[in-house]
Amino acid sequence: MKYAREKINKNSGKDSPYLPVKATIENAEDLTARETLLTITVDGGINYQPGQFLMAGLPGHGEAAISIASPPARAKTYTIDLCIRNVGSLTAKLCALRGINTIWLRGPMGRGFDMPPRGEDILFVIGGMGIVPARSLIKAVIKKRKSYGKITILYGIKTGSELLFGKEIKQWQDSGAVVEITADAPEQEWQGKQGVVTTLIPPLDIDRRRTTAYLIGPPAMYRYVVVPLSEKGISYDKTFLSLERRMRCALGKCGHCLIGGVYVCRCGPVFSLTELTDMPGAI
Ligand SMILES: Cc1cc2nc3c(=O)[nH]c(=O)nc-3n(C[C@H](O)[C@H](O)[C@H](O)COP(=O)(O)OP(=O)(O)OC[C@H]3O[C@@H](n4cnc5c(N)ncnc54)[C@H](O)[C@@H]3O)c2cc1C
Ligand code: FES
């Protein structure tokens, strides 16, 4: 199996990937009852790919893997977005930060998404919090809108109240992206589609010769999305998935993220479907 794109963290600390760099919270906005969008300034700036993640920490509370939610710039980026879901001890603290606060970051970690080739149609199939790393890539391709063909975004959520980035999604549509949103078990007032995200795939008109697909969501979603997409003829080499595993070191040292001998923190979290066929149990 080849991992030619493997990148080792070069941004963290000055000399060691174990040393975090300081970042300052510029703004915190509650997007839903559970998710908060932090806009932060990173000391020294960072270079990253969409789909890469940071280890974000607070002294005394540990650190957690958090995807970079904003698009990269050509040169260094100083201000980035992180979207945090409050699920536990550290994420609760991060979501509660208000005013000028400091957090500590190691990364960017792993390998992310390569930009699709010019002229390609792009299909995103996104579930739940997958919208966070997807947003980085979506905004990057929309910035270069003229370089691509059709951009189609299928986004599945459990309930309407879990919808993230609703206002921005309208802007994506205004820039020519087709966005379809469906809720599994919506509230009464939900006016959109109902059902799981896979129900949006069969009606799609896909040109299999020029389509790259990005699947970003929970592993359970992948099991159901991969089959209809391959039936549409999208090749495994042009289908990319982002895996989420519990991470500790994010440096290929502790083994927490191992799947069949592959360190997700360093070789992923983004893999092509071809690569995943050699990793039983990955999805
Ligand atoms: C590559 C990657 C990118 C991620 N990006 C984001 C992001 O952008 N925003 C965000 O909010 N979260 C993200 N996560 C998940 C995040 O790292 C965990 O939710 C976080 O570690 C929880 O820390 P905690 O101390 O708050 O929770 P804990 O108190 O440690 O745990 C709370 C609960 O969350 C579960 N949990 C913890 N980590 C994970 C995990 N990795 N997968 C599934 N369940 C987990 C625990 O089992 C427990 O039930 C990402 C994870 C990975 C691996
Ligand atoms: S998180 Fe420690 S080896 Fe990947």
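The centres of domain 1 and domain 2, taken over C-alpha atoms, are separated by 24 Å. Domain bounds come from an automatic or database domain assignment. That assignment gives domain 1 as 21-109 and domain 2 as 121-242. The model is predicted: local features need pLDDT of at least 70 and side-chain atom pairs count only at pLDDT 80 or more, while totals for chains, interfaces and linings use all residues. Residues are numbered from 1 along each chain as its sequence is written, and chains are lettered from A and ligands numbered from 1 in the order in which they are written.

Across the domain boundary, 13 residues of domain 1 are in contact with 13 residues of domain 2. Contact requires C-beta atoms, placed from the backbone, to lie within 7 Å. The side of domain 1 that touches domain 2 has seven nonpolar, four polar and two charged residues. In this classification, Ala, Val, Leu, Ile, Met, Phe, Trp, Tyr, Cys and Pro are nonpolar; Asp, Glu, Lys and Arg are charged; the others, Gly among them, are polar.

For the protein, the radius of gyration is 18 Å. A compact globule of 283 residues would have a value near 19 Å, which agrees. The radius is taken over C-alpha atoms, and the globule rule is 2.2 Å times the number of residues to the power 0.38. Along the principal axes, the C-alpha atoms fill a box of roughly 50 × 45 × 35 Å. Buried residues make up 42% of the 283 residues. A residue is buried if 20 or more other C-beta atoms lie within 10 Å of its own, exposed if 12 or fewer, and partly exposed in between; these C-beta atoms are placed from the backbone. Among contacts with a separation of 6 or more, 71% join residues 24 or more positions apart.

The secondary structure comprises six helices and 15 strands. Helices (H or I, at least four residues) and strands (E, at least two) are DSSP runs, numbered from the N terminus. One open sheet has seven strands, in the order β10-β9-β8-β7-β11-β12-β15, with mixed pairing. Pairing requires at least two DSSP bridges between two strands. The edges are β10 (193-194) and β15 (270-272); each has a single partner strand, so one side of each lacks a neighbour in the sheet. Strands β8 (residues 151-157) and β9 (residues 178-183) run parallel and are joined by six bridges. Ile153 stands opposite Val179 in β9.

Ala92 is exposed, with 12 other C-beta atoms within 10 Å. From Ala92 to Gly261, the C-alpha distance is 32 Å, at a sequence separation of 169 residues.

Ser175 sits in the loop between α3 (166-174) and β9. Ser175 is exposed, again with 12 other C-beta atoms within 10 Å. Leaving aside neighbours within four places in sequence, Ser175 is in contact with Ile142 and Arg145. The C-alpha atoms of Ser175 and Lys143 are separated by 9.4 Å, and these residues are 32 apart along the chain.

Several backbone details follow. The peptide bond from Gly107 to Pro108 is cis, with omega near 10°. Pro108 belongs to strand β6 (residues 102-109). A cis bond also joins Gly268 and Pro269, with omega about 10°. Pro269 lies in the loop between α5 (264-267) and β15.

Phe165, a residue other than glycine, has a positive phi near 60°. Its place is in the loop between β8 and α3. Phe165 counts as buried, with 21 C-beta neighbours inside 10 Å. Ala250 likewise has a positive phi, about 60°, although it is not a glycine. Ala250 lies in the loop between β12 (239-242) and β13 (258-259). With 27 other C-beta atoms within 10 Å, Ala250 is buried.

Notes
Contact = placed C-beta atoms within 7 Å.
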